[in-house]
Amino acid sequence: MSSTIIWTIAVITVLGLLLALVLYLVAQKFKVEEDPRIDEVEKAMPGANCGGCGFAGCRAFAEAAVKAPNLDNNYCPVGGNDTMAKVAAILGYEVKAKAPMVAVVRCNGTCAVRPKVNEWGGTESCAVKAQLYTGDTGCAYGCLGCGDCVKACQFGALSMNPETGLPEVDDEKCTACGACVKACPKNVIELRPKGPRGMRVFVSCLNRDKGPVAKKACASACIGCGICAKTCTHDAIVVEGNIAYIDASKCKLCRECEAMCPTGAIHGVNFPKPLDKDAIKERIKIRNQKAKEAAANE
Amino acid sequence: MEKLLVSPNPHIHAPVSTKTLMRDVIIALIPAVICSFVFYGWREILLMAVSVASCVLLEWAITKYMLRKPSTIGDLSAVITGILLALNLPYSTPWWVVMIGAVVAIGVAKMTFGGIGQNIWNPALVGRVFLLVSFPTYMTTWGAPKGFVDAVSGPTPLGAIQEGLMQGASVQELTSAFNYKDLLFANLGGSAGEACALALLAGFVYLCCRKVIKPWITLSIFGTVALTSLIFWGIDPSRFTDPLFNLLTGGLILGACFMATDYVTSPMSLWGGVIFGVGIGFLTMMIRYFGSYPEGVSFAILIMNSVVPLLNMWFHQKKFGRK
Amino acid sequence: MSKRTFSIGGVHPHDSKISRGCPICPLPLAPTVYISVAQHIGAPSVPCVAVGDKVKVGQVIAEPGGFVSAFIHSSVSGTVKSIGPRPDLAGRPVTHIEIAVEGDEWADGIDTTDTLITEIPSDNKAIVEKIRLGGVVGLGGATFPTHVKLSPPPGSKCERVIINGCECEPYLTSDFRTLLEKGEQVVVGAAILRKVMGDVPCTIAIEENKPEAIAHIREVIAKLGYDGIEVMEMKMMYPQGGEKQLIDAVMHRQVGSGALPISVGAVVQNVATALAVYDAVQKNKPIVDNSVTVTGECFPNQANLLVRVGTPLRYILDYLGGIPADAAKVISGGPMMGRAVANLDAATVKGTGALLLLTEAQTRRGEESECIRCGRCAEACPMGLEPFLLQKLSRNADVEALEANAAHDCIECGCCLYSCPANIPLLDWVRLGKGLAMGAIRARAAAAKAAAEAAKK
């Protein structure tokens, strides 16, 4: 009995030692010399492997960052400035802080304002739909509503609102990795600066048709009337090809354009107070009058 | 017409669906079911009812409560699994053993992989082999038939021969006890589905005519079994059984026609299918001649099922205008 | 000799040629036509008329915008009302020339009589130039400019001209009616084509479900006494009318991936194209109209109409009694490869061969279920591809694997989705995958070209 136990122990011990030796030799033989900083950088990464940085994953990003002469072309949008500060500290580089970004859906053609003109009977995929035709609404530019962006988002930040038929972005969960931007065949989604406390103003429409055509397809389409650009005192709005665009870097969040937009295509979000259109219109009126008087005086 | 329907081409569809294919397989099994009823009586039908009901119920429950997907029982594949499982068991199997088989077939072999289309092994066969290993007594007890014709009860022909060979008898002596007409029309003992080889073959012909299955898998199994046994029988007829005997016994026809041709667990290409069939035939004969189980079809099919992903990877269709 | 067909895959949809008995009759002129400048593969044409201009039937209104491009002629006489973007049948804005119809005055030099002219001009270059000036494009579906096809690259040699009269798509009957009613013209067109390609033999391929056409064309060939033109009776099989499939069926040669038919010595032209070639060369008549089958079980007034290019689809359907209440889908083309119409105000183009109306029950896709790995899609694929695999790769956007599995060889015939018992939208995904693979191949070719040029410098 006891000899059995002893033999068992002996055999297992010898086997263990032998295998350990083999493992050691193999590990030595196939050892790859790697910059230890790659591991460190990888540890500092969020580990989502989303590809938002343009590399295949966090490890690939780390390898590229270690090799790169500076961090100008390597930025992890998911980890943001905190992560990049850590990476910079490990590598001894400087990093420029970037304004946090967020995905913005630039279409407000809800089912209510943008009626369907035909019925889609193919696969529920925006890519397939876009390949075939302009979509089941009269608007050839807006959201197709099949949720490719939702499927592309790894962070659960996007969801389709069944009532509007449009995707909605959860600011808290969005990491600005850009997967949805790539997935959208209509380029409806744009990464824009999040803005102070999430406040931002943007044109939620991409319809480049002439006013009446756009209006017929969607009641809240941008008709390219240019009122917003005229109203803006910060030179932040450009109207080109029948569509307005707000330059986030110049926008001062005064919301005057939003109040003046005749179709409601301009959206302001996360403002503490609801938009008081009348007050703003009054303010603009007074300002215009004063300007007129000043011009007349001269 | 309110709004135009728009979708990519093609705009029409062949009159075929998973359900119609499965319905055809069920129709093809009807002769075998009738034969098993004739030979083994009401008990066999009851057994089949238990088997089908447990398979369908289990699939419904798993899709509804565990996978939380739309139910897939409408495609009738669970019904086929139930029928095949029952046909693969002795009619005397207790009902609770059949239910355990159904749990293994549907719950383990099919739904754990994600349901129809995802499983690696034929569910009914996994159920059967599980029962064979777990309840060998029930699975090899062939009680006296209570059907409507005089069928002989007793061990399966292959079982009898292996038993006899161990006791030193020669194959010629042992096979002389069976005549081939019996084997073709009414098996002497064995699983319910083996009751009548002709009924199974009729179903196979029906499936081929309806273009539900391609015959090459089945034919290459038959061919390989015949060839392998011909070689061995030619070498030593006193130790090895003859080709016709091997073709007609041990559930080979049931396995080759209905189990090996299961879409999900067989290769898609012609040459993949042929190799799959050759593998099954060869392994079956090896197990029969040299293994400890007298019947090898189930094991052979399951082993070759495991190779299917490789066969699908290796054998592709010939592409147009390419070498 | 047994009837020929192509060697890989194919399906047998019911042929449903319910409008085969309707003779081709001209559609009354629409009050306004909208003529697209993108009626062919290649660069859009450039309008050469201005708003307010008076035009006649057959007058050039747009000139080629590149080598692979075509002339476009006014299909009516009247006044140019506007030139600007207008949604096509898929809703995409395309430049159209709007012409208000006034009378029906033809441009000078066009022979509008029915006299058959069998004497073929002797100068091949002049013939090809006439075809180019006539705006002739392939009317079998791809609308590839015909004069480009007839000018093979140096070094390649044509051995056989094939006239495609298969019309393998269910429902369509316009080619069949053309063969019956304009058989002489088609045969003379075929004779012109084979002469241009260097007096090579010519095969007119017709499927077995059109015995009247086969007999008639054989008769015509005998009557006209042409040698070198034969009629080949083909087995019924879809997609026999596919260029590569037809060459395989007729000549037993397979055109390689990405290669042109001329690489195996074949030039394929559709029946309607042969007729257009006859009109352009013998009659100086450019493409201003084409025959359109309007059909569907739910549509009572089936017809084969001779329609002027640019006629709004709604006008055609209204002329025949409007869209029935139970029609769910209007398809421009056949049920296998046609395009669903999203915009009925779109106008016909040269390549419009049919308007098919299908009911909800006929055309609504079944619910998608799990793949049961039956392999029917791979069996049906005439290109020998594996759609079940390609669709998965496409969903994962695995470009490398898509290319390795030849996604770019797909001809979009629809056999895979047609035969899938699980209703998996195979072609939807494979088409996307094809785009990805083609993109990768093109990008590589462009990079290689750029590198070669850089090396030269």
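Why is Gly228(C) classed as partly exposed? Gly228(C) is partly exposed because 16 other C-beta atoms lie within 10 Å. By definition, a residue is buried if 20 or more other C-beta atoms lie within 10 Å of its own, exposed if 12 or fewer, and partly exposed in between, with C-beta atoms placed from the backbone.

The model is predicted: local features need pLDDT of at least 70, side-chain atom pairs count only at pLDDT 80 or more, and totals for chains, interfaces and linings use all residues. Residues are numbered from 1 along each chain as its sequence is written, while chains are lettered from A and ligands numbered from 1 in the order in which they are written.

Gly228(C) sits in the loop between α5 and β11 (229–234) of chain C. Helices (H or I, at least four residues) and strands (E, at least two) are DSSP runs, numbered from the N terminus. Leaving aside residues up to four places away in sequence, Gly228(C) touches Arg194(C), Pro201(C) and Cys202(C). Two residues are in contact if their C-beta atoms, placed from the backbone, lie within 7 Å. Gly228(C) and Arg339(C) are separated by 111 residues in sequence and by 37 Å in space, C-alpha to C-alpha.

In chain C, an open sheet of four strands has the order β11-β10-β9-β12, and its pairing is parallel. β11 and β12 (266–270) of chain C are at the edges with a single partner strand each, so one side of each has no neighbour in the sheet. From one strand to the next, the twist averages 25°. Strands count as paired if DSSP finds at least two bridges between them. Strand β9 (residues 160–165) of chain C runs parallel to strand β10 (residues 202–207) of chain C, and five bridges join them. Within this pair, Gly165(C) is opposite Ile206(C) of β10(C).

Helices lie across this sheet. α5(C) lies across β9, β10 and β11 of chain C and runs at about 170° to β11(C). Helix α7 (residues 271–282) of chain C lies across β9 and β12 of chain C, at about 85° to β12(C). Axes are lines fitted to C-alpha atoms, for helices over the stretch in contact, and angles run from 0 to 180 degrees between N-to-C directions.

α5(C) also packs against another helix. Two packed helices are described by the angle between their axes and the distance between the axes. For helix α4 (residues 183–196) of chain C and helix α5 (residues 211–224) of chain C, the angle is about 65° and the axes are 9 Å apart. α4(C) contributes Gly183(C), Glu184(C) and Val187(C) to the contact, and α5(C) contributes His216(C), Ile217(C), Val220(C), Ile221(C) and Leu224(C). By class, the residues of this contact are five nonpolar, two polar and one charged. Here Ala, Val, Leu, Ile, Met, Phe, Trp, Tyr, Cys and Pro count as nonpolar, Asp, Glu, Lys and Arg as charged, and the others, Gly among them, as polar.

Another open sheet of chain C has six strands in the order β1-β14-β13-β17-β15-β16, with mixed pairing. Its edge strands, β1 (24–26) and β16 (339–340) of chain C, each pair on one side only. Six bridges link strand β13 (residues 289–295) of chain C to strand β14 (residues 303–308) of chain C in the antiparallel sense. Val292(C) is opposite Leu305(C) of β14(C). Helix α3 (residues 174–181) of chain C lies across β1, β13, β14 and β17 (354–359) of chain C, at about 125° to β13(C).

Chain B has 15 helices and one strand. Of its 323 residues, 55% are buried. Among contacts in chain B with a separation of 6 or more, 73% join residues 24 or more positions apart.

The contact between chains B and C takes 30 residues from chain B and 53 residues from chain C. The side of chain B that touches chain C has 15 nonpolar, 11 polar and four charged residues.

The mean pLDDT of chain A is 90, and 100% of its residues reach 70 or more. pLDDT is the predictor's confidence in each residue, from 0 to 100.
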